[in-house]
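Hello,

Here is the structure I promised to pass on. Please open it first, then read my notes below.

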Amino acid sequence: MIADKKQINFPFSAIVGQDNFKLALILNLVDPLIGGVLAIGDKGTGKTTLIRSLTNLMTDQEKYPFINLPIGVSEDRLIGSINLEELINAKKEVINLGLMAQAHQGVLYVDEVNLLQDYLTDILLDAAASGNYYLEREGISRYFKSRFCLVGSMNPEEGSLRPQLKDRFGLSVNITTTTDAKVRQQIIKQRFQFDDNPADFVANYKSKDQRIATQIETAKNKLKTVLINDAIIEYCSQLAIEHQVEGLRADILLLKTARAFAAYQNATEVTKEDVDKIADFVLNHRSLNKSPNQQNPNQNENEQPKETLSEGNTSKEENIHFLSPKNDFQKQKNTFTDKIENGSKAIHYNQGNVSTTDTKKTVSQYVATDKFEIKTKHKKSLLKEHHIFLIDSSGSMLKNQIIAYAKGAVDKIATQSKNQNTQFSIVSLFDGEAQHILHRTAVLKDIEIALTSLKTGGKTNLTAGFKQIKSICVDVDFKHNLHIITDGKLNTDSNLEATVLAFQTYCKGVHSTQIIDAEKGMVKIGVAADFANRIHANYQPLITENEH
């Protein structure tokens, strides 16, 4: 009988770049009670390859398992179950171990964790934070150790993770596609070498992986001996306060992660430098006010930010300050009532109450009675504000030199709307396409960074932008306010009728819409004003300084 061939994974030490992600994973191996790592980023960036490479740091696969949790997992498969046949017929208590128990002392990986059912995610995160859980079934109670490194990955374009659940992940990292040609070439070469001869490739990096594994084991053994003085505790608390995080989880995790980092560096005491090194991991997904000197987690340490200008762009406006328009944009009132029909799902907004279709009850009743009747479930909570900016950065906007004023409008609205329940997103329209350049954030500094890298040129394709809006507005916990900044000069193959239809088709999840008309000149076409009237949007002309 031929034995199954053992799967060969890419060596951990051979991974090029992703230094932040690698360090965050290592620190969770040193101290699993940190609570895992959430990797947020682009598809095709090697997240899964890196996570699977952790098995090379665990010499004993039975003692240190790697468990892949499928999206469609059931609760019994996750936490375990009682073998009822043995219990009834043989009077034996036979436990079918759940995936969380199987992952003890190893790694539990959930790809596309944002698509996992919420209540299963709650169970998973509770076990990861406590290191154990109880199985309560058929009058039988069993205790299981479940201390593992929880790793989740997600692509924000496929749906968001509830903020409450995201906060339960100990650390997070943002993964982006590298724009360094040399790094990309090196990744390609190594991939080919591994695919052509995996055994030899792994052998070449075995000693490096072994050194990292030894360093992790040494750190685990000395973790509890690393000293944390009161000054460090005060420093961590101050960081958490400055970043306006909710609760005390960030304070605790700053200390835990810094201690793990100090142990990994074979230090005897935690320093402020250790805290600064890992602060981004803890605060990335919790901070509502990133400090200006905070590192950009999207960049590796050996990478420098690069200016990216569109082809044929000769304007210097990318480097100038934002120009504030004369308009006094007002915040939307908090008291509102509206109803949005989105397919079979109905969403009601009134004073923060949300009513959504209860799919389970609807289907259950239909199966039982053969009568189709939509059942709803109600959720009482104050909806968070989400401002989405759809910015026309096409050639006509650039030609009239009003991009800077458009950025100023965004900056002004964002500043006026800032509070703990407000999030911001930006979609850019250029060269006939739409790009989601800023995913939901509460940090004004992120908005400034996104605006300074705004690409310009080409034609305007509002329909492409509306398609992006559809994927952004899937979260019913938010009141989505859309601000469209455009001069109304559409593609030659587009017309107002098609644009209105596209808005009605793709923007059903938007609660309120504002059109900021950037059209200039003695003779105006007035498309933006007509469009605002057709979709019943609030209309505001963009008034620049030279118009006063």
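**What I found**

By class, the residues lining the second largest cavity are 6 nonpolar and 3 polar, with no charged ones. Keep in mind that this is a predicted model.

**The cavity**

Probing is a simple idea. Rolling a probe the size of a water molecule over the atoms shows where empty space is left. Here, the count is 2 cavities of 30 Å³ or more. The second largest cavity has a volume of about 40 Å³. Which residues line the second largest cavity? They are Leu462, Thr486, Gly488, Leu490, Leu496, Thr499, Val527, Ala528 and Phe531. Two or more of these lining residues come from each of α18 (496-506) and α19 (527-534). The largest share is from α19, with 3 residues.

**The whole chain**

Now step back. The protein chain has 19 helices and 19 strands. It holds 548 residues, and 48% of them are buried. Look at contacts with a separation of 6 or more: 76% of them join residues 24 or more positions apart.

**An open sheet**

Next, find the sheet of 5 strands. Strands of a sheet pair through backbone hydrogen bonds, either parallel or antiparallel. In this sheet the pairing is parallel, the sheet is open, and the order is β2-β5-β8-β1-β9. Which strands stand at the edges? They are β2 (66-68) and β9 (171-175). Each has a single partner strand, so one side of each is left without a neighbour in the sheet. On average, neighbouring strands of this sheet are turned by 20° against each other, direction ignored.

Zoom in on one pair. Strand β1 (residues 37-41) runs parallel to strand β8 (residues 149-154), and the two pair over 4 bridges.

Asn114 sits in the loop between β5 (107-111) and α6 (118-130). Is Asn114 buried or exposed? Its relative accessible area is 10%, so Asn114 is buried, since the cut-off for buried is under 20%. What is Asn114 in contact with, leaving aside its neighbours within four places in sequence? The list is Ser153, Met154, Asn155, Glu158, Gly159, Ser160 and Leu161.

Best wishes

How values were computed: Residues numbered from 1 in each chain as written. Predicted model: local features only at pLDDT ≥ 70, side-chain atom pairs only at ≥ 80, totals over all residues. Heavy atoms only, no water. 1 Å grid on protein atoms, 1.4 Å probe; cavity = no way out; pocket = protein on both sides within 12 Å on 5 of 7 lines; lining within 4 Å. Points joined across faces, edges and corners; volume = space filled by probe spheres on them. Nonpolar A, V, L, I, M, F, W, Y, C, P; charged D, E, K, R; others polar. Pairing = 2+ DSSP bridges. Axes fitted to C-alpha atoms, helices over the stretch in contact; angles between N-to-C directions. Buried < 20%, exposed > 50% of the residue type's maximum accessible area, 1.4 Å probe, protein only. Contact = heavy atoms within 4.5 Å.
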